[in-house]
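Student: I have a model open and want to learn how to read it. Where do we begin?

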Number of protein chains: 2
Amino acid sequence: MVIGAVEAGGTKFVCGIGNEHGTIEDKISFPTGHPDETVPRVIEYFKDKSVDAIGIGSFGPIDVTPESPTYGFVTTTPKPGWAQYDLLGILRREFPVPFGWDTDVNAAALGEAKWGAAQGLSSCLYYTVGTGIGIGVYSEGRTVHGLVHPEGGHTLVRRHPDDDFDGICPYHGDCLEGMAAGPALQARWGAKGHELPENHAAWEIESFYLAQSISNAVLLLSPEKVILGGGVMQQSQLFPLIREGVRRNLNGYVQSGVITDDIGSYIVPPGLGQQAGLCGALALGVEAWKNQTSSV
Amino acid sequence: MVIGAVEAGGTKFVCGIGNEHGTIEDKISFPTGHPDETVPRVIEYFKDKSVDAIGIGSFGPIDVTPESPTYGFVTTTPKPGWAQYDLLGILRREFPVPFGWDTDVNAAALGEAKWGAAQGLSSCLYYTVGTGIGIGVYSEGRTVHGLVHPEGGHTLVRRHPDDDFDGICPYHGDCLEGMAAGPALQARWGAKGHELPENHAAWEIESFYLAQSISNAVLLLSPEKVILGGGVMQQSQLFPLIREGVRRNLNGYVQSGVITDDIGSYIVPPGLGQQAGLCGALALGVEAWKNQTSSV
């Protein structure tokens, strides 16, 4: 079986093929331009691959409601050409195979649950902390949707006592993304995250916001694993600070040995490393293929 | 078919019987005392009812992990006699029928999704705002569990600019429950909620915290309905304040007509009114009965 995978990111697209065991066998990557330029490259890649199904994990917001007339569209992005763009529909017309379709972070959460850090568990959260902050939610063995889809990067946060930064989210100012995504780090400190030393005050403040968001998500959803990926999380000194912050915030209330005694195994980097996004798209493709098979 | 329902609350127990359409046909209620006194009354009630299944929605924390040796226990409550108490096991030994078991708020969310304000939807949140604050989570057609179960009442909140109240949560001080549950209202204002006039400053502050929690939960989970029950929510002047607060917090970011144009139909009181908890337990019983039937 050959499953296609598309990690449709706001900065770059990654296309690949793989199998039902999570192995990526081939991939290419190119920058995200106008869809008239980018989507033909996706089509070109899969043209001779004889895929049995394709999974797409996309930047958003996207329409994930199957009954909606705009199901499969990228909806309100400011990215030129992509607003109200029928990404799924265009690819479906080219390739008459089952398609899986979800947000990039939900896909990554699913991939981690199938083959990564949350393997065998029925729930996890997948954070990406980079240009923006996204939180994929996998719960009771499925990715979560509802009115639209999770957008947890924009939750409101309590301010760090030493932080007077205004925040840069155009919608909410000092929400989580406005205070802790890569561009917020850069705006606050005048340097990119990877240019700041490991012991810079930036990391204590950064971990404060991420730990707060994770604590609240753990209380609301009780995930069995919290996975932190994305460019900012390449600063591995953040992990112990975040874990300590979560423990401090919860203060023994969530009585689970994993949190009280073994939080190092609970809040972790992606098991699939840099391939979490592409493997997630692959997992969506595998699910689409299985669903079609089981409904025949 | 006769389904038993137990709403096992921290203050009172309600036992009833009903059918698979959500109709309660009989019920009794008594205060929650020591289990040696309370549980025999539950057993006595069901003894001659010939129930086909029983659902229990319980105060917590409780163990909801089927593989756990303490599945069915109330775990770490300070309530005398109830800590590490095998509530489900004791009732199971008396009645050899299928049992459903979940938190009181998850049960209420399920009941509302079956027969109440979220009927026909695949997701909703159920808040109870009373002696404590609990948030039941129903998502993708099922109640949510994971490491333990949702405990969203204890999420951290941003402080209201005019509020210098310390908060009364023994674990977190000024978390949502510490700032906005009934006892916090009383400690802050020196009077119970129902004794304060409708235009008292208490309500603007109360709605601030609840709207913040709802906004964050909507961002993280995208529920199709948010249902607010419990004693404090009997103050119906809170609803318009909360809805306006949520709209203000989200600031157009979640692009769904329900939120931008019709939030009055999105944030609502329980469709099952005061019976949300008992109907929720009934729904758990119906599910247990169906699961047994389908696995035979």
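Tutor: Begin with contact, which means heavy atoms within 4.5 Å. Leaving out residues up to four places away in sequence, B:Lys49 touches B:Val2, B:Ile17 and B:Asp26.

Student: What ground rules apply to the model and its numbering?

Tutor: This is a predicted model: local features need pLDDT of at least 70, side-chain atom pairs count only at pLDDT 80 or more, and totals for chains, interfaces and linings use all residues. Residues are numbered from 1 along each chain as its sequence is written, chains are lettered from A and ligands numbered from 1 in the order in which they are written, and side-chain values use heavy atoms, with hydrogens and water left out.

Student: Does B:Lys49 count as buried or exposed?

Tutor: Cut-offs before the case. Buried means under 20% relative accessible area, exposed over 50%, and partly exposed in between (1.4 Å probe, protein chains only). B:Lys49 has 19% relative accessibility, so B:Lys49 counts as buried.

Student: Where does B:Lys49 lie, and which side chain does a polar contact join to that of B:Lys49?

Tutor: B:Lys49 lies in the loop between α1 and β4 of chain B. Helices (H or I, at least four residues) and strands (E, at least two) are DSSP runs, numbered from the N terminus. A polar contact is a pair of N or O atoms within 3.5 Å; within protein, one must be able to donate a hydrogen and the other to accept it, and residues adjacent in sequence count only if both atoms are side-chain atoms. Here the side chains of B:Lys49 and B:Asp48 are joined by a polar contact of 3.3 Å.

Student: How do I read a nonpolar core?

Tutor: In soluble globular proteins, nonpolar side chains tend to be buried together. A nonpolar core is a set of buried Ala, Val, Leu, Ile, Met, Phe, Trp, Tyr and Cys residues joined through side-chain atoms within 4.5 Å. The largest one here has 90 residues, and A:Ile242 and B:Ile242 have the most contacts inside it. Beyond its neighbours within four places in sequence, A:Ile242 is in contact with residues including A:Leu210, A:Ile214, A:Met233 and A:Ile267.

Student: Which residues of helix α2 in chain B are buried?

Tutor: In α2 (residues 87-94) of chain B, B:Leu87, B:Leu88, B:Gly89 and B:Leu91 are buried. These buried residues pack against β1 (3-8), α1 (35-46), β4 (53-58) and β5 (99-103) of chain B.

Student: How are the two chains related?

Tutor: Superpose them. Copies are fitted by least squares on the C-alpha atoms of residues with pLDDT of at least 70 in both. Chain A can be laid on chain B with an RMSD of 0.0 Å, by a turn of 180 degrees and a shift of 0.0 Å along the axis. That is the relation of a two-fold axis. The same surface serves both copies: 100% of the contact residues of chain A recur in chain B. Of the residues of chain A, A:Arg158 comes closest to the rotation axis, at 2.2 Å (C-alpha).

Student: How do I judge the interface?

Tutor: Start with area. Buried area is the accessible area (1.4 Å probe) that two parts lose on being put together, summed over both. Chains A and B bury about 4,300 Å² between them, 59% of it on carbon and sulfur atoms. A:Leu147, A:Leu220 and A:Tyr253 supply 19% of the area that chain A buries against chain B, more than any other three residues. The contact takes 46 residues from chain A and 46 residues from chain B.

Student: How many salt bridges are there between chain A and chain B?

Tutor: A salt bridge is a side-chain nitrogen of Lys or Arg within 4 Å of a carboxyl oxygen of Asp or Glu. Between chain A and chain B there are 2 salt bridges. The side chains of B:Arg158 and A:Asp174 meet in a salt bridge (3.3 Å, N to O). α6(A) gives the most to the side of chain A that touches chain B, with 6 residues.
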